[in-house]
Amino acid sequence: MRGLIKKDCYVMKDFKKVLLLMIFMVVFFLAMETTNVSFVLGYMTILSGILVINVMGIDDQQNVNAFLFTLPVSRKEYIVEKYGFGMVMGMIGCGISVACVILFSIIKQMPINWAVLLGQVVCIIGVLFVILGFGIPVQIKFGGEKGRIILIVGVMGICFGMVGIAKIMRQFHTEWIEKIGQILNQEWIWIVAVIVVLAFFIASFFYSVHLMKKKEY
C-alpha cells in the first residue's frame, strides 16, 4: 500500500503545473468576487479529487498494472489506495480553497458565516464522493480515453442537471420555494442524503473491486 501511495505521489509531480494553475484560478476568482465561495470550493475540491482518475489513465496507458500485480500488491489494495488517494487529494484541495476564502475575507474585511461555510464544504465533499464513486469504476471498466470521455459527460450531466433544477426552482412561486427551503432545513433530509451518498460510495468501491478482479492484464 505504501508503495502505491509513493508511486501515485511521484506521478502527481507531472500535474504540479495543473495544481498551481488551480490555486491561481481560486485566487483570481476570489480577488474578483469574494462571494464566489461555492464555486471556488467545488472547483478546487472536485478537480483535485479526480486527478486520481488521470493517474489511473496513465497506469493503463503505460501498462503499469501488469507489472504492479506481479508484486505483493492485491487488486483490492489497488482499489483501496485509489479511493483513498482521491479522497485525500479532494480534502487537500478543499482545505486550500477554504484557507483562501478565509484569507480573502479577512483582507477585504468581510464577515464569515461559519455555519454556511461548513455546510458548503460538506455539500461539496458529498459531490466529490459521488463523482469519485462514478468515475473510478468507469475508468476501470473502459480505461483510457473512452473512460475519460464518459466521466466528462457524466460530470457535465450532473452540472447541467443542477443548473436545470435551479432554473426550474425560479419558476415556482415564492410560497413553494419557502416550503422547499423549510424541508431542506430539516435535519432528517441531510441525514438521509449522507446515508445515500455513503451507500453509493461503498457500493461503488465493491463494484470497482469486482471489476478489477475480472480485468486481465
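## Packing of α2 and α3

Helix α2 (residues 16–32) packs against helix α3 (residues 37–49) at an angle of about 175°, their axes lying 10 Å apart. The two are therefore roughly antiparallel (over 145 degrees). The α2 side of the contact (heavy atoms within 4.5 Å) consists of Met 22, Ile 23, Met 25, Val 26, Phe 29 and Leu 30, and the α3 side of Phe 39, Val 40, Tyr 43, Met 44, Leu 47 and Ser 48. By class, 11 of these residues are nonpolar, one is polar and none is charged.

This is a predicted model in which local features need pLDDT of at least 70 and side-chain atom pairs count only at pLDDT 80 or more, while totals for chains, interfaces and linings use all residues. Residues are numbered from 1 along each chain as its sequence is written, and side-chain values use heavy atoms, without hydrogens and water.

## Packing of α1 and α4

Helix α1 (residues 2–12) meets helix α4 (residues 51–61) at an angle of about 100°, with axes 10 Å apart. These helices are therefore roughly perpendicular (65 to 115 degrees). Lys 7, Asp 8, Val 11 and Met 12 of α1 make the contact with Leu 51, Val 55, Ile 58 and Asp 59 of α4. The contact has five nonpolar, no polar and three charged residues.

## Nonpolar core

The largest nonpolar core has 47 residues; such a core is a set of buried (under 20% relative accessible area, 1.4 Å probe, protein chains only) Ala, Val, Leu, Ile, Met, Phe, Trp, Tyr and Cys residues joined through side-chain atoms within 4.5 Å. Among those with the most contacts inside the core are Met 12, Leu 30 and Ile 140. The helices that each supply at least two core residues include α6 (75–107), α7 (114–142) and α10 (187–214).

Ile 140 touches Met 56, Ile 79, Ser 208, Leu 211, Met 212 and Lys 215, leaving aside residues up to four places away in sequence.

Technical notes:
Axes are lines fitted to C-alpha atoms, for helices over the stretch in contact, and angles run from 0 to 180 degrees between N-to-C directions. Helices (H or I, at least four residues) and strands (E, at least two) are DSSP runs, numbered from the N terminus. Angles under 35 degrees count as roughly parallel, over 145 as roughly antiparallel, 65 to 115 as roughly perpendicular and the rest as oblique. Ala, Val, Leu, Ile, Met, Phe, Trp, Tyr, Cys and Pro count as nonpolar, Asp, Glu, Lys and Arg as charged, and the others, Gly among them, as polar. Buried means under 20% relative accessible area, exposed over 50%, partly exposed in between (1.4 Å probe, protein chains only).
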